[in-house]
Amino acid sequence: MRPIRIALTKGRLEKRCVELFEAIGFDCGQLLSKGRRLILPMNGHEVVLAKAADVITYVENGACDMGVVGKDTIVEADSGAYEMLDLGFGKCRFALAGPKDVDFFAGYHERVVATKYPRVARRFFEQKGMDVRIIKIEGSVELAPLLGLAHGIVDIVETGATLRENGLEIIEEILPISARVIVNKACMKLRQAELEQLLSLMQLASRVAG
Ligand code: PRP
């Protein structure tokens with residue numbers, strides 16, 4: 001049988017994941033000196049580095065058995081993978097934000113909202129019974145209200161610095177976010193003991209680190 005394959009989200013969560021595996025006692029040498037390699041061995045397992053949305057795709061389709069990804073990506077993907085563990089790091093939140101001291105909800109004109117997370121934004125405004133035009137942006141969403149493209153944004157806020165330094169503020173918080181462990185449903189049945197052992201080690205290490 002092939003090694004258990006763990007997909008990690010490249011970037012911000014990657015470093016925290018390596019710290020987590022080191023806390024378990026796994027040898028992360030290959031991960032730390034990976035260069036441009038994308039699949040790395042780690043204690044008899046295989047670690048795969050991918051973009052957040054792709055982590056979900058690989059796990060859902062069984063190309064990877066387990067993945068670590070932000071709750072933001074899981075909600076936006078409407079993922080059917082099993083969410084097994086909240087690792088407690090990568091904490092931030094979804095929020096509606098807009099220019100400081102402007103009442104986003106005032107008046108009856110059409111609201112335009114820019115976001116990297118159209119599903120999350122649509123759901124939020126549907127729950128409010130508001131008809132809003134949503135424009136998908138790929139990055140630095142804060143630019144959209146500054147350039148007059150949108151009245152507000154739905155985005156991730158971590159420290160709040162990006163909003164503050166661009167004259168924006170939170171209008172309403174939507175959902176807390178943190179890093180989650182997801183597993184493939186079929187793999188959870190076929191290799192339950194192996195996955196559960198790995199999950200309990202990760203849970204223990206995340207509690208110690210957290
Ligand atoms: C995220 C998010 C905000 C920023 C929030 O962007 O979209 O822009 O971080 O962090 P803060 O509250 O600590 O300032 P990211 O850095 O992932 O880049 P991107 O917008 O270019 O995708």
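Is Arg 93 buried, partly exposed or exposed? In this predicted model, Arg 93 counts as partly exposed, at 24% relative accessibility.

**Salt bridges**

The structure holds 16 salt bridges. Three of them are listed below, with the distance between the closest N and O atoms or from N to O.

| Salt bridge | N to O distance |
|---|---|
| Asp 86 and Arg 180 | 3.6 Å |
| Arg 93 and Glu 173 | 3.1 Å |
| Lys 136 and Glu 138 | 3.4 Å |

The bridge of Arg 93 with Glu 173 links distant parts of the chain, 80 residues apart: Arg 93 lies in strand 6 (residues 92-99) and Glu 173 in strand 10 (residues 168-177). Glu 173 is partly exposed, with a relative accessible area of 47%. For the pair of Asp 86 in strand 5 (residues 82-86) and Arg 180 in strand 11, the separation is 94 residues. Asp 86 is partly exposed at 43% relative accessibility, whereas Arg 180 is buried at 12%.

**Nonpolar regions**

The largest nonpolar core comprises 30 residues, and Phe 21, Met 66 and Met 202 have the most contacts inside it. Among the elements that each supply at least two residues of this core are helix 1 (12-24), strand 4 (66-70) and helix 9 (192-209). A second, separate core of 14 residues includes Leu 96, Val 120, Val 154 and Ile 177.

On the surface, Leu 143, Leu 146 and Leu 147 form a nonpolar patch with about 310 Å² of accessible area together. Leu 147 is exposed, with a relative accessible area of 67%, and is placed in the loop between helix 6 (143-146) and strand 9 (152-157).

Key: Residues numbered from 1 in each chain as written. Predicted model: local features only at pLDDT ≥ 70, side-chain atom pairs only at ≥ 80, totals over all residues. Heavy atoms only, no water. Core = buried A, V, L, I, M, F, W, Y, C linked by side-chain atoms within 4.5 Å. Buried < 20%, exposed > 50% of the residue type's maximum accessible area, 1.4 Å probe, protein only. Helix = DSSP H or I, 4+ residues; strand = E, 2+ residues; numbered from the N terminus. Patch = residues over 30% accessible without salt bridge, like charges linked within 9 Å, V, L, I, M, F, W, Y side chains within 5 Å. Areas by Shrake-Rupley, 256 points an atom, 1.4 Å probe, with all protein chains shown as cover. Salt bridge = Lys/Arg side-chain N within 4 Å of Asp/Glu carboxyl O.
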